[in-house]
Amino acid sequence: MSTISPPNTDVVWAEVEAGFYVGSRSGEFLGYVDVEAETKNVVCDMYSRPVGEYASLAEAMHALESLQPSEEGAATVA
Amino acid sequence: MPESHPTTGSVPLPEGTLRSLVYSSEAITRFYQEDLDALLVQARAHNESVGITGILLYKNDQFIQFLEGPPSEVTALMERIGQDPRHTNVRILIDELTLERQFDEWTMGYQPMKNQSSTVLPGFRDSFADIAQSPDALTTGRAAKELALWFRVRAGKAARAAA
């Protein structure tokens, strides 16, 4: 049984199906976490561009929540 | 001749206006993969002939369908869907006019969705439940976007795997 739960931020997390989680803030998508294996949590931004792979869902969610949009519209992990 | 739309009354719609609609319904009996395949073949043939695109989601005996196309064709299709004895409790969740398609590559896209075997993780919204229950426009709209995003990601993966 997983004990993962979203950190106390202003990000709304939604489970579309088990292993696919979408984060949004103030109605704007941040991106999503696609759990390909227990230790392979793939993070992509709102344009489906890869951000990184993380060993846990919690790390992956934190990475997406820390994403900062750049001036060019691309996003980088803060 | 330009079409009109129920929400805009007799005001003519701009050329190329599409009706974008999301509805939910409940299957009368369990749909197995072969039933879904037959339904998709039928839907795709019809949709292609009338310029409708969209996606179908099915989980826990519940359908969510996104449709977009010429307003008169979407209206006619919804009338047929409402009379289809294979499902019940048809509810329109989102109904708006747009000039751009979200699913122009799919006459009726479908990706298998895992049935919910356990509860959603604590603190997470449940996109499928949110759109099906449709508590308010904000939640329904957000859930619709989440489901559309999920479909695109899954469809992209399936296409890469098949290549």
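Predicted model: local features only at pLDDT ≥ 70, side-chain atom pairs only at ≥ 80, totals over all residues.
Most residues other than glycine have a negative phi. With a relative accessibility of 38%, B:Asn89 counts as partly exposed, because the value falls between the limits of 20% and 50%. A positive phi in a residue other than glycine is also found for A:Ser48, where the angle is near 65°. A:Ser48 is placed in the loop between strand E4 (40-45) and strand E5 (50-54) of chain A, and its relative accessibility of 34% likewise makes it partly exposed.

Another serine, B:Ser20, belongs to strand E1 of chain B, residues 18-27. B:Ser20 has a relative accessible area of 10% and is therefore buried, the limit being 20%. When neighbours within four places in sequence are left aside, the residues in contact with B:Ser20 are B:Leu67, B:Glu68, B:Ile94, B:Asp95, B:Glu96 and B:Thr98.

Over all chains, the structure holds ten aromatic pairs. One of them is formed by A:Tyr21 and B:Phe124, whose ring centres are 5.2 Å apart and whose planes meet at 55°, so that the pair is classed as tilted. This pair joins two chains, because A:Tyr21 lies in strand E2 (residues 20-25) of chain A, whereas B:Phe124 lies in the loop between strand E5 (109-110) and strand E6 (125-126) of chain B. Both partners count as buried, A:Tyr21 at 6% relative accessibility and B:Phe124 at 9%. A further tilted pair is formed within chain B by B:Tyr58 and B:Phe63, with 4.7 Å from centre to centre and 35° between the planes. Here, too, the two residues count as buried, B:Tyr58 with a relative accessibility of 7% and B:Phe63 with one of 4%.

The contact between the chains takes 22 residues from chain A and 22 residues from chain B, and about 2,000 Å² is buried between them, of which 62% is on carbon and sulfur atoms. On the side of chain B, the residues that lose the most area to chain A are B:Leu121, B:Phe124 and B:Leu149, which together account for 30% of what that side buries.

Four salt bridges are found across the interface of chain B and chain A, and B:Arg154 forms a salt bridge with A:Glu17, in which the closest N and O atoms are 3.2 Å apart. The count of residue pairs in polar contact between chain B and chain A, with both residues at pLDDT 80 or more, is eight. Strand E6 and helix H4 (137-162) of chain B each supply at least two residues of the side of chain B that touches chain A, and H4 of chain B gives the most to that side, with nine residues. By residue class, the side of chain B that touches chain A divides into ten nonpolar, three polar and nine charged residues.

Definitions and conventions:
Residues numbered from 1 in each chain as written. Chains lettered and ligands numbered in written order. Heavy atoms only, no water. Phe/Tyr/Trp six-rings, centres within 6.5 Å; stacked < 30°, edge-to-face > 60°. Helix = DSSP H or I, 4+ residues; strand = E, 2+ residues; numbered from the N terminus. Buried < 20%, exposed > 50% of the residue type's maximum accessible area, 1.4 Å probe, protein only. Contact = heavy atoms within 4.5 Å. Buried area = accessible area lost by both parts, 1.4 Å probe. Salt bridge = Lys/Arg side-chain N within 4 Å of Asp/Glu carboxyl O. Polar contact = N/O pair within 3.5 Å; in protein donor to acceptor, adjacent residues only side chain to side chain. Nonpolar A, V, L, I, M, F, W, Y, C, P; charged D, E, K, R; others polar.
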